[in-house]
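Trainee: Could we go through this model by question and answer, with the cut-offs stated as we go?

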Amino acid sequence: MNRYLASAVTLVGVPAGLAITGGNGQTVMTLTLAFWLAVAAFFAPRFPRTVLVFSLATVAAMRGAGLVGSGWVWPASAAFVAVVLAGRLRFTLIAGGLALLYGANWDTFVLMTEHGADWTLAHVGGDALWLAALLAAATAFVSTRHWQHETALRLEQAQHERDLDARRRRAEERVGIARDLHDVVSHTLAVVGVHLNVALDAFDTDPAEARSSLRLAQDVRGQAMTDLKSLVDVLREGGAPPVAEPAHGLDGLDRLAEPVRAAGLTVSVNEFGERSDVPAAVGTAIYRVVQESLTNTVRHSGATRVAVTLRYAPASAVVDVQDDGRVPAEIVDGNGIAGMRERVAALGGALTAGAGRTGFSVRATIPYLERE
């Protein structure tokens, strides 16, 4: 509530109201009443109940002394509004009711012989109607203000939740990209390293085999560069979408196994069931699990043979990668195994890694949560 506006309205409204209702007995007294009520209205936002009591007492004193001839509650309109805005509607009703009751008794028992019952009813009834309309308007304003405040809070909360959700999605996307980046780089370095070793060993004795190994290393490096470019384009702020998506699906499994075979390992890929039943997201996860498993086989196990078995059921897919290499005494979830586990878990599946039938084993079960 603007205290300057309340004071100005009171200073102008009280003399005007007394003139309209015929209560302006003495102009000096009318202006005096208006002045003190205006001063009180200035402090109403800070001391609303005190100002209301003071205003009603001042009006009652002026009326009782015959210095003004009308009004019991309406001259204190600014004080009533201030109390309602302060959230004290009950106090306002009690104070207004007591003021009207006092005014009705005064007009009935003191001024009835002078004016009559009709005059008393008209003036006190007019005050009551004015007070009812004033409190209704003030209460409606308070309710509207509360509604607007609550709406603003809800909108702010909704925006905050959207921001949090957006940040969470961006974080999840970056974690996924980090996993892809690790898979691409790790697999590429492992396969390229094996082919370079083969080329180095055969450089003098079998130049043709050395050249073949170098060409295979170059091919793997070229595909890795394509995959990395796609990932960098996704990470770049404001960057355009990748021109070509890397082959991260079931169709890329044979291409994934070829350089490992060329490195000297025997790789078998066996599929059971309908590949067409597998959603794209599950196919991507299968690709990455097989890729990381082959990378670990090449880098760590010393295996000569690895078997990749894929079983496509109507509601889930099972990935089983078994090699004949050594199994470490303690299996630690590094970036590779942790990335596989997170990728599978994101689709509602589970992954285990450890000793298998012949060596190291990775097994994942991935349900089809959504059809695409």
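Trainee: Which residues does Gly359 touch, not counting residues up to four places away in sequence?

Mentor: This is a predicted model, in which local features need pLDDT of at least 70 and side-chain atom pairs count only at pLDDT 80 or more, whereas totals for chains, interfaces and linings use all residues. Residues are numbered from 1 along each chain as its sequence is written, and side-chain values use heavy atoms, with hydrogens and water left out. Gly359 lies in the loop between strand 4 (350-355) and strand 5, where helices (H or I, at least four residues) and strands (E, at least two) are DSSP runs numbered from the N terminus. With contact meaning heavy atoms within 4.5 Å, the residues that Gly359 touches are Asp323, Asp324, Gly325, Val327 and Gly354.

Trainee: Is Gly359 buried or exposed, and what is its relative accessible area?

Mentor: The scale calls a residue buried under 20% relative accessible area, exposed over 50% and partly exposed in between, with a 1.4 Å probe and protein chains only. The C-alpha atom of Gly359 is separated by 6.7 Å from that of Gln322, although the two are 37 residues apart along the chain. Gly359 is buried, and its relative accessible area is 4%.

Trainee: At roughly what angle do the axes of helix 3 and helix 4 cross?

Mentor: Axes are lines fitted to C-alpha atoms, for helices over the stretch in contact, and angles run from 0 to 180 degrees between N-to-C directions. Because angles over 145 degrees count as roughly antiparallel, under 35 as roughly parallel, 65 to 115 as roughly perpendicular and the rest as oblique, helix 3 and helix 4 are roughly antiparallel to each other. The axes of helix 3 (residues 48-64) and helix 4 (residues 77-85) come within 9 Å, and they cross at roughly 155°.

Trainee: Which residues of helix 4 make the contact with helix 3?

Mentor: Helix 4 is mostly covered, with 9 of its 9 residues buried. From helix 3, the contact is made by Pro48, Arg49, Val51, Leu52, Ser55 and Leu56. From helix 4, the residues are Ala79, Phe80, Ala82 and Val83.

Trainee: What is the relative accessible area of Thr120?

Mentor: Thr120 has its place in helix 7 (residues 117-202), and, leaving aside neighbours within four places in sequence, Thr120 is in contact with Ala104, Asp107, Thr108 and Gly125. Thr120 and Ala104 are 16 residues apart in sequence and, C-alpha to C-alpha, 7.0 Å apart in space. Thr120 is buried, with a relative accessible area of 7%.
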